[in-house]
Amino acid sequence: MRQHRWQSTRQHAGPVNRRSGPPAYGADEHSHPTGRASRTLVSDHAACLWIPLFPLRCEEWRRPELVGLPAALLAPTDTRRAWLVSPVARRMGVQPGMTVSQAIGLCPPLTLIEPDPVHYDETFTQFLLALERVSPVIEPAELGRVFVGVDGLERLYGTPEQQIQVIAHAISGKGAEGNDAVLRLGWARGKFLSWIAAARAKPGAPLVIHAEHSAAFLARQPVAALPVGSDTHRRLQQLGLTTLADVARLPEPALVSQFGGEGRRAWRLAKGLEVEQVTGRGRPEPIVAGLDFPMPAADRLMLAHAVDRLVERALSHPRRTGWRVQTARLRARLEHGISWTTDVTLKDPSADRKRIAGPLKTRLELAPPTGAVERLAVEFVAFAPGTGELQLFARDADSAARAGRRHALHAAAREIKTRFQHSRLFHVVEVQPWSRIPERRYALIDFEP
Amino acid sequence: MVPHSRAAVRVDRLRALNVPTPVAVTVDDDGLPVEVRPSTGTVTGDDTPVATRRPAGPPPSSGRITEVLEVWRIDDEWWRVPITRRYVDVVLDGGAHVVLFEDLQTGEWFVQQP
């Protein structure tokens, strides 16, 4: 893999902000909760690959008869509402967020599709794996949108136009028949500019913005292109600012005084002064979740239950975010100092508990440990790139509320831990709920956010 | 008192819930409990001590037993360290509902929540 070669030979390669050359490296301290920094790859120049309405496109690739029909994908958490709407349906008046009855009323031939988030995520992962063969610097932004770091690729593939062709070729046929018709590609310096270029590009006609044209290109863009909050967008429009040129003409202090840090960022982006690098990541180190049994356990059901819990805990590790598990290992320490282990390599890398725990439990059933288990551990040893956790559902209001509650709970737990030096909060977990011995049924485990 | 080990608290260490607490139990001629008291080295039918370990804190329940609801016995884990217990589900004076058990290996009595 090219990524490994970079890591081993170019670990301390040159300055981060150079214009071209091989990808540079920086320490990503946030990605490693233990404080041991993993290496990251960065690139100034970026190719942005965007497939609008990606989940809907996945359905069309899977069911070609849907192409050209008015179709709507239902919301993952509220199947009474449309979530994504095909262009044909949109032309007939159907809007995202409408109830099914409203949508059918406006467009009787509308085809409604139940969402299949796991399939969309898997398809996107195939894209990412294919792009890794082109460049070691890959940064998924959301389902269907990914930045590819292209610094240094000119020596391998030639001009930006040729690089774009290589990228498009790499993903052709990756579970996406005819994706040229929907694929948009933009090439420019920095993620912001490349994203705008991709958004302005027509399907099958990539847009390359060279440095000498970037200022003029930026100036023509509407303020809606700025990645700022909706309130800021509204106020910018109320102030009569319609293009980035209007924003760039203002003095920086004026925007800062009105919008604070967001205003400064908007001004710098509009002026082309802010170049956000594409940041790739080295694959995470193995993640281990272990469990000591109060009494050695031989019961298969109990062990299977423990595997479920351990996989869940390992999946929630922050280092796993943005990665899917390719290889998982189950290790057991048995009575009398014996050990037992088994590995499972998933054909389709997954971040789904059932898909990871299932094969492990099958192995446990087919070739169980030869004695009672004192300690059981699940280890994720190999990863494949994936999207950020639950991105697909982030647009849903309920999910946002749940995430907010989780965030508040975690903040409270951290505060308690800071005050008392160690966690005073516990989860109640089932250990052997069927046991005839009451103290074996449930246990407490430290709650660590 | 055992000094603190200074060892870090293990995140993955389970703590058992509903751990049995030693108590002193007075039993009648049929071996059924009639009174539960803190384990201070008391009791049985004729004031013979049956529980010798002092509990870490006050027992969760104590008092005279007004009703014996159920009696059962378990024999488990005979292949390792045998567990042999006689459970008695009782209601205490005042209405508290607790489960007592006698460890038939040692003769000690314990109280647990049902």
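Trainee: In strand 1 of chain B, which residue is the bridge partner of A:A443?

Mentor: As a general idea, strands of a sheet pair through backbone hydrogen bonds, either parallel or antiparallel. Here the partner of A:A443 is B:A16, and A:L444 stands opposite B:R15 in that strand of chain B. This is a predicted model, in which local features need pLDDT of at least 70 and side-chain atom pairs count only at pLDDT 80 or more, while totals for chains, interfaces and linings use all residues. Residues are numbered from 1 along each chain as its sequence is written, and chains are lettered from A and ligands numbered from 1 in the order in which they are written.

Trainee: In what sense do strand 17 of chain A and strand 1 of chain B pair, and over how many bridges?

Mentor: Strands are DSSP runs of E with at least two residues, helices are runs of H or I with at least four, and both are numbered from the N terminus; two strands pair if DSSP finds at least two bridges between them. Strand 17 of chain A and strand 1 of chain B (residues 15–16) pair in the antiparallel sense over two bridges. They belong to an open sheet of three strands in the order 16(A)-17(A)-1(B), with antiparallel pairing, whose edge strands, each pairing on one side only, are strand 16 (426–430) of chain A and strand 1 of chain B.

Trainee: How many residues of chain A are in contact with chain B?

Mentor: Two residues are in contact if their C-beta atoms, placed from the backbone, lie within 7 Å. By that rule, 17 residues of chain A are in contact with 15 residues of chain B. Strand 12 (287–297) and strand 17 (442–446) are the elements that give two or more residues to the chain A side, and strand 17 gives the most, with five residues.

Trainee: What does chain B contain by way of secondary structure?

Mentor: Chain B has zero helices and seven strands, and buried residues make up 22% of its 114 residues. A residue is buried if 20 or more other C-beta atoms lie within 10 Å of its own, exposed if 12 or fewer, and partly exposed in between, with C-beta atoms placed from the backbone.

Trainee: Why does A:E122 count as buried?

Mentor: A:E122 counts as buried because it has 20 C-beta neighbours inside 10 Å. This residue is found in helix 5 (residues 117–132) of chain A, and although A:E122 and A:D348 are 226 residues apart in sequence, they are 7.2 Å apart in space, C-alpha to C-alpha.

Trainee: Which residues touch the most other members of the largest nonpolar core?

Mentor: In soluble globular proteins, nonpolar side chains tend to be buried together. A nonpolar core is a set of buried Ala, Val, Leu, Ile, Met, Phe, Trp, Tyr and Cys residues joined through C-beta atoms within 7 Å. Of the 69 residues in the largest one, A:A47, A:L49, A:A72, A:V148 and A:A197 touch the most other members. Its largest share, six residues, comes from helix 8 (residues 191–200) of chain A. A second, separate core of 29 residues includes A:L315, A:I356, A:L364 and A:F383.

Trainee: What is the average pLDDT of chain A?

Mentor: The pLDDT is the predictor's confidence in each residue, from 0 to 100. Chain A averages 80, and 83% of the residues score at least 70, but the pLDDT is below 50 over residues 1–38 of chain A.
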